Amino acid sequence: MLDIKYIKEKPEEVIARLAKKGKDGKSFVSSNGKEAILEYDVLEYNEKENCSLVSIDLKTGRHHQIRVQFASRGHYLLGDQRYGVQDNKQIDIILANQEEIKQLKLDKASLNAYHFWLWTPKVN
């Protein structure tokens with residue numbers, strides 16, 4: 001079980017198989033999908049808001065990988081309207097925080113990079 005409420009001694013690895021369906025291309029966990037691997041560290045946990053700041057290291061680059069892997073384990077990205085609402089309890093949390101979300105101007109998933117590395121093949 002993915003637990004993002006507590007800071008760990010070392011990064012935790014998440015492995016799943018992801019596939020896309022239909023014309024909308026929404027990704028989901030499937031035994032027939034392609035392997036998707038990421039590692040995450042919990043940097044901060046806010047108990048009052050029940051949310052965490054995490055550092056993620058993608059080992060593969062699948063469509064909506066972070067959003068799908070976290071949502072499939074019950075941890076949704078703040079502001080993620082595509083994969084974020086899974087049940088009435090989650091809807092209540094979003095509605096309760098709707099004004100705060102508007103103040104932060106979060107109309108999309110809150111997923112940002114603070115480091116970005118790109119490995120390119122050596123060109124002569």
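Let's start at Leu38, which touches Glu12, Glu13, Val14, Ile56, Asp57, Leu58, Lys59, Gln65, Ile66, Gln69 and Phe70, leaving out residues up to four places away in sequence. Contact here is heavy atoms within 4.5 Å.

Quick housekeeping. This is a predicted model, so local features need pLDDT of at least 70 and side-chain atom pairs count only at pLDDT 80 or more, while totals for chains, interfaces and linings use all residues. Residues are numbered from 1 along each chain as its sequence is written, and side-chain values use heavy atoms, with hydrogens and water left out.

Okay, so where does Leu38 sit? Leu38 belongs to the largest nonpolar core, seven residues in all, together with Val14, Tyr40, Val42, Ile66, Phe70 and Leu77. By nonpolar core I mean a set of buried Ala, Val, Leu, Ile, Met, Phe, Trp, Tyr and Cys residues joined through side-chain atoms within 4.5 Å. Buried is under 20% relative accessible area, exposed is over 50%, and partly exposed is in between, with a 1.4 Å probe and protein chains only. Strand β3 gives this core its largest share, three residues, and β3 and α1 each supply at least two. Helices (H or I, at least four residues) and strands (E, at least two) are DSSP runs, numbered from the N terminus. Apart from that core there's another, of six residues, including Ala16, Leu18, Val68 and Tyr83. As background, in soluble globular proteins nonpolar side chains tend to be buried together.

Now the sheet. What order do the strands come in? The open sheet has four strands, ordered β2-β1-β3-β4, with antiparallel pairing. Two strands pair if DSSP finds at least two bridges between them. The edges are β2 (26–29) and β4 (51–58), each pairing on one side only. On average, neighbouring strands are turned by 45° against each other, direction ignored; the axes are lines fitted to C-alpha atoms, for helices over the stretch in contact, and angles run from 0 to 180 degrees between N-to-C directions.

Pair by pair, then. β1 (residues 12–21) and β3 run antiparallel and are joined by seven bridges; Ala16 faces Ala36 of β3 there, and Leu18 stands opposite Lys34. β3 and β4 share eight bridges, again antiparallel, and our friend Leu38 stands opposite Leu58 of β4. Their hairpin has four residues between the strands, and Asn50 takes a positive phi near 50°.

Lys21 stands opposite Lys26 in β2. Lys21 also lies over the face of Phe28, 5.7 Å from the ring centre; the rule wants NZ of Lys or CZ of Arg within 6 Å of the ring centre and within 35 degrees of the ring normal.

Last bit: aromatics. Rings of Phe, Tyr and Trp (its six-membered ring) pair if their centres lie within 6.5 Å; planes under 30 degrees apart are stacked, over 60 edge-to-face, and the rest tilted. How many aromatic pairs does that rule give? One. Tyr40 and Phe70 are edge-to-face, 5.7 Å centre to centre with 70° between the planes. The pair links distant parts of the chain, Tyr40 in β3 (residues 34–46) and Phe70 in α1 (residues 65–71), 30 residues apart. Both Tyr40 and Phe70 are buried.
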